[in-house]
Amino acid sequence: MGYFKDIFNGGLSLIEGMGVTARRLFRPLVTVQYPRKKIPLSSAYRGHIELKIFGESGTHKCIVCLNCEKTCPSGVIRVQGEKLKEKGPKTLTSYVIDFSRCSLCGLCVEICPTSTLKYSREYELVGETWADCKIDLLARLARQVEEMEAEKKTQGIAA
Amino acid sequence: MDELEKIEGNERVYSLNLGPQHPSTHGVLRILLDLDGEYIVKADPVIGYGHRGHEKMGENRQYKQFLPNTSRMDYLSGMLYNHGFVLAVEKLAGIKVPERAKYIRVIASELNRISSHLLWFGTYLLDLGGITPFLYAFDDREQILDILDAISGSRLTYSYCRFGGVSRDVDMKFIEMTRAFLKRMEARWVDYEDLVTKNVIFIHRTRDVGVISLELARQYGVTGPNLRACGVAFDVRRSEPYEVYDRFDFEIPTGSKGDALDRYVVRFREMQQSCRIIDQALEHLPEGEIMTPKVPQKLSPPKGEVYTAFESARGLTAYYLVSDGSPGPYRCHIRVPSFGNLNVLNDVLPGTLVADAIAILGSVDLVIPEIDR
Ligand code: SF4
Ligand code: SF4
């Protein structure tokens, strides 16, 4: 007798569970068709680091103090600079990160004395080899500056 | 399934490898089971597959450089581990933390606890064969991840707390999002109760399965929801309140038998209690600084040692740090709850059906990388 009662009760609670599922049928979808539709990134999003462009100089402010390189727990950053001017700081000649090892901890961004590092908003990164994960930040900066200028030009024409 | 048959006396004992790549072990766990027909006669967990040497790494770097590691031991409660580590270092170096930062940490930690329990809730029912709750739980968890993403910039590996505060302030949007989440969950608890807690099939599947007796729990150092399911209201947040937990009004849910159903109910009610804590913390969130000024970049605490325990989603977790006055710890040891929670299975599994092994394994909520660390 208990056996059939169990089956009956089990069936009842199944139906109750189905009720929850049925109610859900009439709620809006929660999934997003990713490549066609994208969700806005949060403002705090931490992508790989990049050099900031400062408006007044149109470039970065790195003084090659190597603080970021020394503080990085994973040895991601390689900074090289040259002494071009007699006085003052060195000039940055190469800034390469190996993103495959970066833990996105943010220590480098926090320690930089000139605040010239920031997180990029890049998340669609694909690489087939280890070398693809190496990112040259100076080249990236040059590209960004070019894009900005091109944009300015088109805006100027439009205006 | 290797090593087919062993003959022991007259008995035919069959050795079965559960894992290391079994979908329900959530990490790389291997359990050697000796079977007599359908019954388990011996269970022997093998750990160490995910060893990355986090403790050793901690000893070879500065204190703050260990922050990213903390969320990678237990990847489901990264915020809690992160929180615990800064607590330990702050105690060691005698750093004061502003009130606002304390509240923010508590809110973030409790959100993380709910997200961890929600993931367990979903995957446990998936292990038992129910797909629907898994999808619902992940939908809810996604809301938490969005909230934590908005303040820390990362979805799982937060690295959000800093010695003497937190790295980013919260804004009105965060408070609104969290309030909306709490409101949403009120309706969801009812759904989950209808869908799972009251389900007769689920109750029959878990009741009296995998009973951990209180004595056994004590022997193996089982903590967290698994211990509370045996009827002991032990929670570090209550017994040694850290941060501002002593200011909140919350209950510590307990079970009575220590079976899988009790463990489920305890975790389920814990999520509701966490919601209560968040609600109160949001209510009393003070204005002010989020960082103590003048914490040196290269922190060198005075000689000494510190042991700080906190309640992670899985139980009592603790950092033991020894400083020799240099910028990195001389010894960095982490006490993880899953180690005790796993090894108790040595005594719990024998005598049960092999089909129950997954139901038991899932119910103790293991995260293997924190055992291996
Ligand atoms: S975010 Fe952390 S790991 Fe990545 S480059 Fe900066 S310091 Fe190194
Ligand atoms: S810390 Fe800043 S200024 Fe110094 S080398 Fe790095 S990026 Fe340049």
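**Exercise 1.** How much area do chain A and chain B bury between them, and what percentage of it lies on carbon and sulfur atoms?

*Solution.* This is a predicted model, in which local features need pLDDT of at least 70 and side-chain atom pairs count only at pLDDT 80 or more, while totals for chains, interfaces and linings use all residues. Residues are numbered from 1 along each chain as its sequence is written, and side-chain values use heavy atoms, with hydrogens and water left out.

Begin with buried area, the accessible area (1.4 Å probe) that two parts lose on being put together, summed over both. For chain A and chain B this comes to about 2,300 Å², with 48% of it on carbon and sulfur atoms. Within chain A, the residues that lose the most area to chain B are A:Val20, A:Arg24 and A:Arg46, which together make up 22% of what that side buries.

Next, turn to contact (heavy atoms within 4.5 Å), to which chain A brings 27 residues and chain B brings 30 residues.

**Exercise 2.** Find how many salt bridges link chain A and chain B, and describe one of them.

*Solution.* Apply the rule that a side-chain nitrogen of Lys or Arg lies within 4 Å of a carboxyl oxygen of Asp or Glu; the count between the two chains is 3 salt bridges. One of them joins the side chains of A:Arg23 and B:Asp191, at 3.2 Å from N to O.

**Exercise 3.** Examine how the two domains of chain B meet.

*Solution.* An automatic or database domain assignment divides chain B into domain 1 (2-46) and domain 2 (54-372). Here 20 residues of domain 1 are in contact with 19 residues of domain 2, and the two domains bury about 1,600 Å² between them, 68% of it on carbon and sulfur atoms. The count of salt bridges between these domains is 0.

Notes:
Chains are lettered from A and ligands numbered from 1 in the order in which they are written.
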